[in-house]
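Subject: Structure handover

Hello,

Here is the structure for your files. My notes on it follow below.

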Amino acid sequence: QVQLQESGPGLVRPSQTLSLTCNVSGGSIAAIPYYWNWIRQPPGKGLEWIGSIYSLGRTFYSPSLQSRVSISRDTSQNQFTLQLSSVTPEDTAVYYCARGRKYYAEEPTLESWGQGTQVTVSS
């Protein structure tokens, strides 16, 4: 059974870059046909899809965040990463990584989730 776990700093300064890693076990991030996603939930708000990377390396980003987002992967360590640049306090949220079999924008179903990690943007 695939397991995902987020890791990274819990506090980021405004204007800096938020960087998180999703460590995957029990399944390969290169296995077809999976999409590996980043999702976040700001305080008091609903879930927001950030973007994803497909098994073969192609990336997809939310239009609202595309200019600031970069998702990459390291197949040798079976992990994928999120970088969100120029952060503000509005980026404070619980960040999740998750796996799905379909492109989220077309079918928003995710079968496996990490437990989430709190990231606070503050001075």
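The charged end of arginine 99 lies over the ring of tyrosine 34, at 3.9 Å from the ring centre. A charge sits over a ring here if NZ of Lys or CZ of Arg is within 6 Å of the ring centre and within 35 degrees of the ring normal.

Before the rest, the conventions. The model is predicted, so to read it: local features need pLDDT of at least 70, side-chain atom pairs count only at pLDDT 80 or more, and totals for chains, interfaces and linings use all residues. Residues are numbered from 1 along each chain as its sequence is written, and side-chain values use heavy atoms, with hydrogens and water left out.

Aromatic pairs

There are ten aromatic pairs in the structure. Rings of Phe, Tyr and Trp (its six-membered ring) pair if their centres lie within 6.5 Å; planes under 30 degrees apart count as stacked, over 60 as edge-to-face and the rest as tilted. Tyrosine 35 and tyrosine 54 form a tilted pair, because their ring centres are 4.7 Å apart and their planes stand at 45°. Tyrosine 35 belongs to strand β4 and tyrosine 54 to strand β5, 19 residues apart; strands (E, at least two residues) are DSSP runs, numbered from the N terminus. Tyrosine 35 is buried, with a relative accessible area of 14%, where buried means under 20% relative accessible area, exposed over 50%, and partly exposed in between (1.4 Å probe, protein chains only).

Tryptophan 49 and tyrosine 103 have ring centres 5.9 Å apart and planes at 80°, so this pair is edge-to-face. It connects strand β5, which holds tryptophan 49, with the loop between β9 and β10 (112-113), which holds tyrosine 103, 54 residues apart. Tryptophan 49 is buried at 10% relative accessibility, while tyrosine 103 is partly exposed at 21%. Tyr35, Trp49, Tyr54, Phe60, Tyr103 and Tyr104 make up one aromatic cluster.

Disulfide

The structure has one disulfide, a term used for a pair of cysteine sulfur atoms within 2.5 Å. Cysteine 22 and cysteine 97 form it, with their sulfur atoms 2.1 Å apart. The torsion about their S-S bond is about 70°, so the disulfide is right-handed. Cysteine 22 is in strand β3 and cysteine 97 in strand β9, 75 residues apart. Both cysteines are buried.

Cores

The largest nonpolar core has 26 residues, of which Leu18, Trp36, Trp38, Phe80, Leu82 and Tyr95 touch the most other members. Such a core is a set of buried Ala, Val, Leu, Ile, Met, Phe, Trp, Tyr and Cys residues joined through side-chain atoms within 4.5 Å. Two or more residues each come from β3 (18-25), β4 (35-41), β5 (48-54), β7 (69-74), β8 (79-84), β9 (93-100) and β11 (117-121). β3 gives the largest share, four residues. Another core, of eight residues, lies apart from this one and includes Ile39, Phe60, Ala98 and Leu110.

Sheet

Four strands form an open sheet in the order β1-β3-β8-β7, paired antiparallel; two strands pair if DSSP finds at least two bridges between them. β1 (3-7) and β7 are at the edges with a single partner strand each, so one side of each has no neighbour in the sheet. β7 and β8 pair over six bridges in the antiparallel sense. Arginine 73 has phenylalanine 80, in β8, as its bridge partner.

Regards
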